[in-house]
Each structure stands twice: as structure tokens, then as C-alpha cells.
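Open the model in your viewer and keep the sequence panel beside it. The stops below say what to select next and what is there.

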Amino acid sequence: MAGGDVAKADREALTAWLLADPRHAEAYANVEQLWDAAGDIPELKERGETAARRLTRRDLGKGAGAALVAFAGWRYLETHPFADLRTAKGARRTKRLADGSTLELSAGTSLSIAFGGAERAVELHDGEAFFTVAPDPARPFVVRAGASEIRALGAAFDVRIDGGEGRVAVTEHAVALRMGAARIEIEAGEQGLFGAGGLGPVGPAETAQLSWREGRLTFARAPLGTVVAEVNRWREGRLVVLDGALAARPVTLIVDLARLETVLPRLAEVLPVRFVSVTPWLTFILASG
């Protein structure tokens, strides 16, 4: 529904959320204008500026202008504009490299390639990519993601990084995952985690996490917040779960990436939720009843 049609209870819920944390108001004021370069659309830019002015008077104070500029710059740099390969929201891309290796990029992914005489290096800046590596004993294939390094001679594996936290899942052969002096081996059928706390334990790979390669997203008792975060990488606009307890509710769901318009109706079938569309680009998810 349009912003003017939002019911009183929904407006109150939105107001409570905005006042709960100054960052919420900032995000609301800028989400239309800045999310995925949407601010380049004149109509959207005008609405975003209007929202920013309104929130400046009520909530944000004199620092809002500086925050807006800083947020815009941060969003631009976060997208890694100088990456060699990149995908937009909802897009996938396959690239065959000169050595015969193949890269499959998931949505919202950026990476750079630097092949040299000693190694075949790829830097994954953000997002997720599946690597099918051609064997070359003289030049190992190295993927750098944040502070981690994944090294393979010939293997098939997936690497994902988001905000410094990442996962490596191996489907063929093995790789070595390193962070500083720490090193673990990950065999086919296993996955390893890395992040600010160092290397995590090696465990069984969750093959459902790679279903994006087949055109779908698969969730088995995943928290709603996790489901929404993943769907947001593929769907235009932004979904936001307002309630922490609701975000923790488990969801079992298969999403067809070719029919993303069915996501909200499917969520309403498996959970007691309702949706409030503040704009065509921003929808809140609330508990029903």
C-alpha cells in the first residue's frame, strides 16, 4: 500500500522503530535515495530528499546533512566500483578465465583478478562466488577474502564474505584456508568459517546454500532474519523485519529466483506475518494479530 494508506497501528509501529535507534531514521531517510544507486532516479531522489528534510527536523538534528553525505560516500565505496567483475542485485554471471578455470558470481558480488607467474589470484571483495579451478601445479589458485586466503591446485569450492565474516564450502577435492598463522584443510563435502574471531571449525557443508547456482534459494528452518537478508540480495527493494523475536522464527522455504514476486505470499503462508509497504522500495514485516 502507499505511504498515505498505511493504517494508524502501522504508522505507530514505524514511528517506534524510527525512534528506537538514530540509525533507523537515517536508514529510512536514505534507503530510497541511496540503496543500490537508486538515488540516480530523479523521482526517487526527490522523495528521498523530502524524507530526509522531514526527519532532520524531527529526529536527526543539525548533524543529519553530514551523516547523509558520509552515508552516500560509504555506500559508493562499499560497492567496489573498480572491481574487475561484478553483479548487481538479483543477477548472476559466469566467467571462464584464461587458465580454463570458471567463476560463477552470485548476486551483489564484486571481485578482482590478478594472474601472475607464481600464482593465480582472485580477490573477492564482497558477495559470493563458486570457483571451478583448472589444475596447474606450477601456479596455485588463491582466493583472498577479507583477511583470509583460500589456496587450491585444482578444486571446486564456494566462497562467501559479508561484512568480514565468511564461509568456504568445498564440493570437489580440497582447499587450504588460512588467516594469519592459522591454517585448516577443508575436504569435499565440508565447509569452514572465518571472520573477526579467526578460523571457525570445519563441519559438513550445507549444500542447500549453493542452490542459487540452480536458480533457487533453499532454507531449512532458517531464522526469518537470515531468509530476509538473503532475499534482499536478489529482490528489488528492501524487506525489513521490525521485531527481533519474529526475525528469529524458523522458516522452511524454497524460493524460485525467476518468481521472486511470490516471496511475500509464501512467507505469509508459513508464518503469521503481515506486510507494510512504506514505498515501492521499502517493506516492513510485522507479526500479525
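Two strands count as paired if DSSP finds at least two bridges between them. Helices (H or I, at least four residues) and strands (E, at least two) are DSSP runs, numbered from the N terminus. This is a predicted model, in which local features need pLDDT of at least 70 and side-chain atom pairs count only at pLDDT 80 or more, while totals for chains, interfaces and linings use all residues. Residues are numbered from 1 along each chain as its sequence is written, and side-chain values use heavy atoms, with hydrogens and water left out.

**Stop 1**

Select strand β7, residues 148–152. Four of its five residues are buried, where buried means under 20% relative accessible area, exposed over 50%, and partly exposed in between (1.4 Å probe, protein chains only). On one pairing, β6 and β7 run antiparallel and are joined by five bridges. A145 stands opposite S148 in β7. The two strands form a hairpin with two residues between them, and G146 in the turn has a positive phi of about 60°.

Which residue in β10 is the bridge partner of R151? Select A176 to see that partner.

**Stop 2**

Show the side chains of E119 and R144, which meet in a salt bridge with an N to O distance of 3.1 Å. The pair links distant parts of the chain, 25 residues apart: E119 is in the loop between β4 (110–115) and β5 (120–132), and R144 is in strand β6 (residues 141–145). A salt bridge here is a side-chain nitrogen of Lys or Arg within 4 Å of a carboxyl oxygen of Asp or Glu. By this rule the model has 16 salt bridges. R144 has 30% relative accessibility, so R144 counts as partly exposed.

**Stop 1: the charged network**

Next select R167 and E128, whose closest N and O atoms are 3.0 Å apart in a salt bridge. R167 belongs to strand β9 (residues 165–172) and E128 to strand β5, 39 residues apart. Are these two residues buried or exposed? Both R167 and E128 are buried.

Move to E230 and R160, which form a salt bridge of 2.7 Å, N to O. E230 lies in helix α5 (residues 224–231) and R160 in strand β8 (residues 156–162), so the pair ties together parts that are 70 residues apart in sequence. E230 counts as buried at 10% relative accessibility, and R160 counts as buried at 18%. Select E128, D158, R160, R167, E230 and R233 together: salt bridges that share partners join them into one network.

Stay on R233, in the loop between α5 and β16 (238–241). R233 is buried, with a relative accessible area of 15%. The R233 side chain makes a polar contact of 3.0 Å with the side chain of E230. A polar contact is a pair of N or O atoms within 3.5 Å; within protein, one must be able to donate a hydrogen and the other to accept it, and residues adjacent in sequence count only if both atoms are side-chain atoms. Not counting residues up to four places away in sequence, R233 touches K89, G90, S106, A107, T109, G127, E128 and R160, contact meaning heavy atoms within 4.5 Å.

Then show the open sheet of three strands, in the order β16-β19-β18 with mixed pairing. β16 and β18 (273–279) stand at the edges, each with a single partner strand, so one side of each is left without a neighbour in the sheet. β16 and strand β19 (residues 282–287) pair in the parallel sense over four bridges, and L239 stands opposite T283 in β19.

α5 lies across β16 and β19, running at about 170° to β16. Helix α7 (residues 263–270) also packs on the sheet, touching β16, β18 and β19, and its direction makes about 150° with that of β18. Axes are lines fitted to C-alpha atoms, for helices over the stretch in contact, and angles run from 0 to 180 degrees between N-to-C directions.

**Stop 2: G108**

Finish on G108, in the loop between β3 (102–105) and β4. G108 counts as partly exposed at 34% relative accessibility. G108 and K89 are 19 residues apart in sequence and 5.0 Å apart in space, C-alpha to C-alpha.
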